[in-house]
Amino acid sequence: MQKYSIFNLVKNAFSNHENWDLAWKDPTPKEEYDVVIIGGGGHGLATAYYLAKEHNITNVAIIEKGWIGGGNVGRNTTIIRSNYMHDENGLFSEFGMDLWRKMSQDLNYNVMFSPRGIINLAHSDAQMNAYARRGNSMRLNGIDAVLLNREQVKEIIPMADFSENVRFPIFGGLMQPSAGTARHDAVAWGYARQADSMGVDIIQNCEVTGFDVSAGKIKGIRTSRGNIKAKKVGICVAGSTNILAEKLNMTLPIETHLLQACVSEPVKPVLDNVVTFGAGHFYVSQSDKGEMVMGGDLDGYNSYAQRGNLPTLQHVLTEGIAMMPFLSKLKMLRTWGGIMDMSMDGSPIIDKTHIDGLYLNCGWCYGGFKATPASGWTFAHTIAQDRVHELNAGYSLNRFNTGHLIDEKGLGTKTWIS
Amino acid sequence: MLHINCPHCGMRSQNEFSYGGDASVKRPELNKEVSDQDWDNFVYNRKSLRGKHLELWQHISGCRQWIKVERDTATHEIFRTFKADEEVA
């Protein structure tokens, strides 16, 4: 594989950049693989990469219905954080933060990781208390957390509405300074390029139509480009999880819902951090291009549409304008939607299944992007060793049966409860 | 914007309704032995169909009645609506 460096950039400039190698190949599927990963999103690509890198398993195929970077890895709001209260989520995400910090070097691909800090705003004394508790839990797990009072928040984000007579005055906030953003496309492309260079076959435009299971063991998959035998199969398909589960006669604690995001026209640098509204569900950051990147609630009803509906967008942006009034002056540039695998307790599932050799990675809800490296790393471990790692032991499928739910915010599919 | 034909009030905009999830889920019968798996299926497990989906909505800013709506989850086309106690064939 060609290394990306300043020297190679200069060298290729002399040939008008026409002689760069392809970042990844376009192979035809082989008859058999050791591991097949269904879903070429961020998590699937990361899984294949860590299978090759950490476990020396390179006879791997990624089966992608569309194209690399076309799903949720290209549709998110690029936020990276580990500001969770529960141990399962905190330790898992903080392990991921470490992978994020090393990612550009590790992948030889600039993912533009920008640890600019995230501030969750508080709008009542009770919320300040809750944030103090969460911050303490975070610090016990080695995650950085700073409780800010109103004046400290005002110093960092003076453009927020600090007037006295507002419905949701800002009391303060909880900040994780090491949180931030990264370029989402680069994450997908970086993982794809490295996985490909280690021998992983990335097979695009190939839809899985069925599974071959005999005597409780997975034997292979059926696809729109023929049958593929596999010793192990990992499902990593976000909003399409239920569609594949139906082919396996499985019913999962997952519903597919639509989540929208949008960007404004680009403006000069105004916001250095990621900021979330505490009296609803709205978050905003500013991209390197200057666009304000915003998102919030689900559309609220089961959807596979991959495009949003205006009432929810209006509701979310009303919260945004309440928090930062200047947003009302901006023109909207783009809006889009992605379909989320909403789990019933709001936390993910990375586990084995009742079928030998079949593994499941789903339930990422609002937070799939930031989990990309940790999800890939632990899913690769679970597949390679045929047992869960301690980092994803809490993300079991049967926790809904045993009652060990991880209700970080109690936010699953039922947005109307929050 | 979805337009939902409330069987009590007629065609109204989505803003007047709130969503209640899969209408095909049945609560296990009380006064009978209920297995953990039955409760699981009732509380957590969902088919989340792509295509025709029978679901509950409440006309919360209207007549406040719960209704059933048959809607396509991929195209958002609404085929039929029913009163909550109406049997869906």
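Predicted model: local features only at pLDDT ≥ 70, side-chain atom pairs only at ≥ 80, totals over all residues.
Two strands count as paired here if DSSP finds at least two bridges between them. With that in hand, take a spot in chain A: Ala261(A) stands opposite Gly295(A), which belongs to β15(A). The strands concerned are β12, residues 254-264, and β15, residues 292-302, both of chain A; they pair in the antiparallel sense over five bridges.

In chain A, eight strands make an open sheet with mixed pairing, in the order β5-β6-β4-β13-β14-β15-β12-β16. At the edges are β5 (146-149) and β16 (332-343) of chain A, each of which pairs on one side only. From one strand to the next the twist averages 25°.

Next, the helices on this sheet. Helix α4 of chain A, residues 125-140, packs on it and touches β4 (118-122), β5 and β6 (172-176) of chain A. The direction of α4(A) makes about 15° with that of β6(A). Helix α8 of chain A, residues 310-323, lies across β4, β12, β13 (274-277), β14 (282-286), β15 and β16 of chain A. Relative to β15(A), helix α8(A) runs at about 140°.

Still in chain A, there is a run of hairpins. Strand β9 (residues 208-214) and strand β10 (residues 217-223) of chain A pair in the antiparallel sense over six bridges. Within that pairing, Gly210(A) has Arg222(A) of β10(A) as its bridge partner. Two residues sit between the strands in this hairpin, and Ala215(A) takes a positive phi near 50° there. β10(A) also pairs with strand β11 of chain A, residues 226-235, again antiparallel, over four bridges. The bridge partner of Gly220(A) in β11(A) is Lys229(A). The hairpin from β10(A) to β11(A) goes through two residues.

Now the salt bridges. Over all chains, the structure holds 19 of them. One is between Lys53(A) and Asp106(A), where the closest N and O atoms are 3.4 Å apart.

On to chain B. Chain B has one helix and six strands, and along the sequence the pattern reads β-β-β-α-β-β-β. The C-alpha trace of chain B spans about 40 × 25 × 25 Å along its principal axes.

Four of the strands form an open antiparallel sheet in the order β3-β4-β5-β6 (chain B). The edge strands, pairing on one side only, are β3 and β6 (78-83) of chain B. The twist here averages 30° from one strand to the next. β3(B) and β4(B) run antiparallel and are joined by four bridges; Tyr19(B) stands opposite Trp57(B) in β4(B). Trp57(B) in turn stands opposite Ile67(B) in β5(B). β4(B) and β5(B), the latter being residues 66-72, run antiparallel with seven bridges between them. Another bridge partner in β5(B) is Asp72(B), which faces Lys52(B).

Last, the interface. Chain B contributes 23 residues to the contact and chain A contributes 24. The two chains bury about 2,100 Å² between them, with 51% of it on carbon and sulfur atoms. Which three residues of chain B supply more of its buried area than any other three? They are Tyr19(B), Tyr44(B) and Ser48(B), at 29% of the area that chain B buries against chain A.

How many salt bridges are there between chain B and chain A? The count is one. The side chains are those of Arg46(B) and Glu255(A), at 3.9 Å, N to O. The limit for a salt bridge is 4 Å. As for polar contacts, nine residue pairs are found across the interface. On the chain B side, β3 (18-22), α1 (36-43) and β4 (52-58) each supply at least two of the touching residues. The largest share, three residues, comes from α1(B). By type, the chain B side divides into seven nonpolar, 10 polar and six charged residues.

Definitions and conventions. Residues numbered from 1 in each chain as written. Chains lettered and ligands numbered in written order. Heavy atoms only, no water. Axes fitted to C-alpha atoms, helices over the stretch in contact; angles between N-to-C directions. Contact = heavy atoms within 4.5 Å. Buried area = accessible area lost by both parts, 1.4 Å probe. Polar contact = N/O pair within 3.5 Å; in protein donor to acceptor, adjacent residues only side chain to side chain. Nonpolar A, V, L, I, M, F, W, Y, C, P; charged D, E, K, R; others polar.
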